[in-house]
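Hi,

Here is the structure I promised to pass on. Have a look at it, and then read my notes below.

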Amino acid sequence: MRILLFGIVKDIVGVDKLDIKLDIPKNVGDLKKYLVKKYPELGNLSSLAIALNNEYATEEMKLTIQDEIAIIPPVSGG
Amino acid sequence: MEINIKIVKQIDTSIVYQSLSHQESGGVCVFIGSVRNLTNKQIVNKLFFEAYESMAVLEMEKIVKVAFEKWDLQKVIMHHAVGEKKIGEPVVLVGASSAHRESCFQACRFLIDTLKENVPIWKKEFFENNEVWVTPHP
């Protein structure tokens with residue numbers, strides 16, 4: 001499962017793409033828990049959203065290998 | 001209903017009037033965001049913008065669609081820059097045209113406010129001695 005990283009998340013994790021091969025999270029909520037456990041600094045951000053196929057996703061949404069998944073830290077455009 | 005949405009390397013402010021003017025429009029309202037030299041009294045050297053481009057464009061389209069539903073508009077423009085930006089450079093451009101000024105003023109405000117809340121674009125500020133990703137707190 002490949003996950004795209006941006007902004008501060010990219011700096012915290014140290015890469016711009018994550019590849020999860022074992023214990024693949026089943027839904028968005030599980031993925032967030034997995035990420036915060038592995039990279040505790042992510043827990044300090046004021047928000048951490050997940051995008052599924054270019055749309056903001058809710059916690060219960062299921063994940064599959066085919067999905068384009070991205071971690072969206074607090075946005076700061078403009 | 002004409003829509004002009006783009007993520008660009010360089011914002012071209014000279015196209016604004018030509019992009020928004022319309023026979024039925026009696027008013028054009030534009031907001032241009034640019035790089036400021038200070039943040040909390042600290043001198044800023046430059047900014048860097050990164051976008052999740054495919055999603056950013058989709059989110060921009062959603063915002064523009066809502067604006068057309070809320071106000072009677074003829075044309076809307078929404079451009080955002082990515083990459084390194086120096087002091088004074090434009091980084092975001094939004095605007096709308098409408099028959100009367102009230103609609104385009106309100107729509108313009110909505111376009112920039114909602115862009116800042118929802119569109120997956122991130123800004124890094126470079127100061128004299130450090131650099132930080134801007135992470136607004138709610």
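**What I found**

Let's start with W122(B): its relative accessibility is 2%, so this residue counts as buried. Keep in mind that you're looking at a predicted model.

What does W122(B) pair with? A search of the whole structure turns up three aromatic pairs over all chains. In one of them, the rings of F6(A) and W122(B) have centres 5.1 Å apart and planes at 10°, so they are stacked. The cut-off for stacked is under 30 degrees. F6(A) belongs to the loop between β1 and α1 (7–13) of chain A, while W122(B) is in strand β8 (residues 121–127) of chain B, so this pair joins two chains. F6(A) counts as buried too, because its relative accessibility is 10% and the limit for buried is under 20%. There's also a cluster here: ring pairs link F6(A) and W122(B) with Y52(B).

While you're in chain B, find F126(B): the charged end of K46(B) sits over its ring, 4.7 Å from the centre.

Now over to chain A, where five strands make an open sheet with mixed pairing. Going across, the order is β2-β1-β5-β3-β4. Which strands are at the edges? They are β2 (17–19) and β4 (55–56) of chain A, and each of them pairs on one side only. Strand β1 (residues 2–4) of chain A runs antiparallel to β2(A), and three bridges join the two. If you want to trace one bridge yourself, go to L4(A): its partner in β2(A) is K17(A).

Note on methods. Residues are numbered from 1 along each chain as its sequence is written. Chains are lettered from A and ligands numbered from 1 in the order in which they are written. This is a predicted model: local features need pLDDT of at least 70, side-chain atom pairs count only at pLDDT 80 or more; totals for chains, interfaces and linings use all residues. Side-chain values use heavy atoms; hydrogens and water are left out. Two strands pair if DSSP finds at least two bridges between them. Helices (H or I, at least four residues) and strands (E, at least two) are DSSP runs, numbered from the N terminus. Rings of Phe, Tyr and Trp (its six-membered ring) pair if their centres lie within 6.5 Å; planes under 30 degrees apart count as stacked, over 60 as edge-to-face and the rest as tilted. Buried means under 20% relative accessible area, exposed over 50%, partly exposed in between (1.4 Å probe, protein chains only). A charge sits over a ring if NZ of Lys or CZ of Arg is within 6 Å of the ring centre and within 35 degrees of the ring normal.
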